Amino acid sequence: MIQLLTPQHWKDYELIDCGNFEKLERFGDVITVRPEPQAVWAKILPDSEWTRLQTIRFRGRSATSGDWVKKNPKTPDRWHIGYKNDDAAIQFRLALTSFKHVGIFPEQAVNWDYISKHVKQFKAKSPKVLNLFAYTGGASLIARAAGADTTHVDSIRQVVSWANENQELSSLENIRWVVEDALKFVKRELKRGKKYNGIILDPPAYGHGPNGEKWKLEDHINEMMQDVVQLLDPEEHFLILNTYSLGFSSVIVENLIRSAFPKVENLETGELYLQATSGIKLPLGVFGKFYKTKE
């Protein structure tokens, strides 16, 4: 049964509306307008309401970069928001980047809730969690806040530094930071005989490792899955695979998981979306996740 899931615990984030290849979002007190390639339909709210509400608008100069235009020049380039669920609370530093992102993917809160819930349920005193393609660390933070021994892997040093800032903001410590190509790291951990109770993968469609290693989702995800499941603790574990690629369906994700891990238990697959207050739904990737707990 394919699931459709949207975050339930956000206070500091709101998707207000989306359409005409844009989205209107509130991050704390800042309301942004950003490009959104999935929003192929018409906006629900009139343009006048978008103009009235927005604090900052992103204007693209190319396919990969652009500029932020502020309604009020005094609006800061950096600000903080928080996230809290039933098990943990974390903080983020947001910033205006030249590639339209602000440092968080709000739909991932669905996965954060899954992580903290299972970390709390594990019998292990300090479950080991590995976050691959970890970006600014939302999944790493929530795992650590829930009590996990957490390893955070990303290929971009500046992004890992940003994640470390978020750790400090969240009054957390001792996350293990690794700047490395994710596939190389997994293969090295296999050689070392390492095991993890939780593994999170949120790979991009395209990417590069710190030494120029090339990542292309459809070319490398099967190899990654075949390797990464060997790192799972056989007695209690969870794994989340999240993909944001227009060509991927949840059936593909299910096939990848079942092929790599035939003995999978409690498998769930589906699509993540954000529910706009205007009434429209914005799809933002597909997921597969499963867990096993000790009896």
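F58 and W68 are both buried, a term that stands for under 20% relative accessible area, with exposed meaning over 50% and partly exposed in between (1.4 Å probe, protein chains only). This is a predicted model, in which local features need pLDDT of at least 70, side-chain atom pairs count only at pLDDT 80 or more, and totals for chains, interfaces and linings use all residues. Residues are numbered from 1 along each chain as its sequence is written, and side-chain values use heavy atoms, without hydrogens and water.

The structure holds 12 aromatic pairs; rings of Phe, Tyr and Trp (its six-membered ring) pair if their centres lie within 6.5 Å, and planes under 30 degrees apart count as stacked, over 60 as edge-to-face and the rest as tilted. The ring centres of F58 and W68 are 5.1 Å apart with planes at 70°, so this pair is edge-to-face. F58 belongs to strand β5 (residues 56-60) and W68 to strand β6 (residues 66-70), 10 residues apart; strands are DSSP runs of E with at least two residues, and helices are runs of H or I with at least four.

Y114 and F238 also form an edge-to-face pair, 6.1 Å centre to centre and with 90° between the planes. Y114 lies in helix α2 and F238 in strand β15 (residues 237-243), so the pair ties together parts 124 residues apart in sequence. Y114 is buried at a relative accessible area of 7%, and F238 is buried at 0%.

Helix α2 (residues 109-121) packs against helix α3 (residues 138-145) at an angle of about 25°, with axes 9 Å apart. That makes α2 roughly parallel to α3, the term for angles under 35 degrees.

Notes:
Axes are lines fitted to C-alpha atoms, for helices over the stretch in contact, and angles run from 0 to 180 degrees between N-to-C directions. Angles under 35 degrees count as roughly parallel, over 145 as roughly antiparallel, 65 to 115 as roughly perpendicular and the rest as oblique.
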